[in-house]
Amino acid sequence: MATVTEEIQIGELSVDGQQSEGWVAFESFELPTSNQRLLGPPHPKGTVIPLALRPSRETSAEVTLDGVIATIESLQRKDNSLTRHLARHGTILFRDLPIQNAEDFSKFAHAFGYKPHEIIGIVVDRPLLAPNVAPANEAPKEVLIYNHNESPQVSHAPEYVFFYGHRAPMQGGESPISSSFELFNRAQREIPDFIDELAEKGVLSRVTYKLEQQFAGGSTLRQAFGKEFQSGDDEETKRRKVEAQIARYGRGEYTTWEWSKDDDGQTQLVLTHRLPAIRTQPESNLPTLFTGLAAYWKRGQVKSGARRNDTQQLFGDGTPIPDKYLAHLTKITDEIRVLHRWEKGDVLVFDNIVAQHGREPWLGEQSDRVVMASLFDGAAVPGAYGFGDWAQVVQAAE
């Protein structure tokens, strides 16, 4: 096990001065090397992923949820320190907190002060469990969800993603964690032609939405765009309401759609976005691979049919992305990722611009792993890296 606490020199995170009774000092701690690693360029030397924090062992006072929330709010109010640590490390693990359920998790996540993210064009089923809290993914336990940034297939993505481990399986079910900065840096050196094409062309992301679920845990057209549907709406009215939701993306000519019938004669919507797969972090202006390309390619290699391929991604000019590039992107990801082994009550917080996540299969019952998610918008969306208007995403219209 590598000693990382001294290298990152974080010591304790606490509120200086007017510290109220019950407030918590957070200390960094080491994880096994399978769960935590030192990041490569362009990260500062000694940066780990994830940064692991827990209430200091030096205090004998009881740690309460109210105390944790007050501390988080104060740290963010004081100098946005947790947001800055997220921007550097990509992911923070909080352990040994008094979070017992969806309501506790919701209060903790909201304490960071971010704006709750409204999902437009959802592709997985996420029923509400508490304010801005839903299941992370309800796909069958056998399904691998490979490393990706959240919502790379649409133009409106969250900047921050919170996961809460409510129940952990005995074997498997880890959450992979990797750096989007490091992924870009490695890809630029090892497959520069691929990066050049992504910068010049971007990607065409084609997402198919149907009236019924396309796979276990998937969403329906109504869940994706039908929040304004009313009982008695005819098909023309529903289409108009769906198209009004699509217009909120604010992408103009770079988002197009087509209504058609599937092989069973059922209505389907095919939505095509021209998107940047390379974006820049607002604070540092460093480029990051914001993508699910490796995940979509990996899914295509699985022959079990456990999940239909509802999303297709091509270069922005409509030409296929060669397998050799996607295979190499997967190779890099395998080399730079760690697998977070969940303990009950863990919370992982991702800066979605900087870090990727996923889900490993597990043994046992589907109900043995319960992870909840909460998504938030940041102060600014990622900046442009490529050429042309298509390279800059925007916040969705209210």
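Predicted model: local features only at pLDDT ≥ 70, side-chain atom pairs only at ≥ 80, totals over all residues.
**The largest pocket**
- The space in the largest pocket comes to about 420 Å³.
- Its lining counts 19 residues, and those nearest the centre are His 117, Ile 119, Ile 122, Arg 126 and Leu 128.
- Sorted by class, the lining of the largest pocket holds nine nonpolar, five polar and five charged residues.

**Cavities**
- Three cavities of 30 Å³ or more turn up when the whole structure is searched.
- The largest cavity has about 540 Å³ of space, and 37 residues line it, with Val 124, Asn 137, Ile 145, His 148 and Glu 150 nearest its centre.
- Two or more lining residues of the largest cavity come from each of β9, α9 and β20; α9 provides the largest share, four residues.
- The lining of the largest cavity is made up of 17 nonpolar, 12 polar and eight charged residues.
- The second largest cavity has about 50 Å³ of space, and among its 13 lining residues Ser 155, Ala 157, Glu 159, Arg 279 and Pro 382 are the closest to the centre.
- Seven nonpolar, four polar and two charged residues form the lining of the second largest cavity.

**The four-stranded sheet**
- Strands in the order β9-β20-β11-β18 form an open sheet of four, paired antiparallel.
- At its edges are β9 (145-148) and β18 (338-340), each of which pairs on one side only.
- From one strand to the next, the twist averages 20 degrees.
- Inside this sheet, β11 (residues 175-179) and β20 (residues 355-359) pair in the antiparallel sense over three bridges, and Ser 178 stands opposite Gln 356 in β20.

**The three-stranded sheet**
- Another open sheet has three strands in the order β16-β15-β22, with antiparallel pairing.
- Its edge strands, β16 (287-289) and β22 (383-384), have a single partner strand each, so one side of each is left without a neighbour in the sheet.
- Strand β15 (residues 278-280) is joined to the antiparallel β16 by three bridges, and Thr 280 has Pro 287 of β16 as its bridge partner.
- Helix α5 (residues 180-190) packs on this sheet and touches β15 and β16, its direction making about 95 degrees with that of β16.

**Helix pairs**
- Helices α2 (residues 65-79) and α3 (residues 81-89) pack at about 80 degrees with their axes 6 Å apart, which makes α2 roughly perpendicular to α3.
- In this contact, Ile 72, Leu 75, Gln 76 and Asp 79 of α2 meet Ser 81, Leu 82, Thr 83 and Arg 84 of α3; by class, the contact has three nonpolar, three polar and two charged residues.
- Helices α9 (residues 293-301) and α10 (residues 323-336) have axes that come within 9 Å and cross at roughly 110 degrees, so α9 is roughly perpendicular to α10.
- On the α9 side the contact uses Leu 293, Ala 294, Trp 297 and Lys 298, and on the α10 side Asp 323, Leu 326, Ala 327, Leu 329, Thr 330 and Asp 334.
- The contact of α9 with α10 divides into six nonpolar, one polar and three charged residues.

Key: Residues numbered from 1 in each chain as written. Heavy atoms only, no water. Pairing = 2+ DSSP bridges. Contact = heavy atoms within 4.5 Å. Axes fitted to C-alpha atoms, helices over the stretch in contact; angles between N-to-C directions. 1 Å grid on protein atoms, 1.4 Å probe; cavity = no way out; pocket = protein on both sides within 12 Å on 5 of 7 lines; lining within 4 Å. Points joined across faces, edges and corners; volume = space filled by probe spheres on them. Nonpolar A, V, L, I, M, F, W, Y, C, P; charged D, E, K, R; others polar. Parallel < 35°, antiparallel > 145°, perpendicular 65-115°, else oblique.
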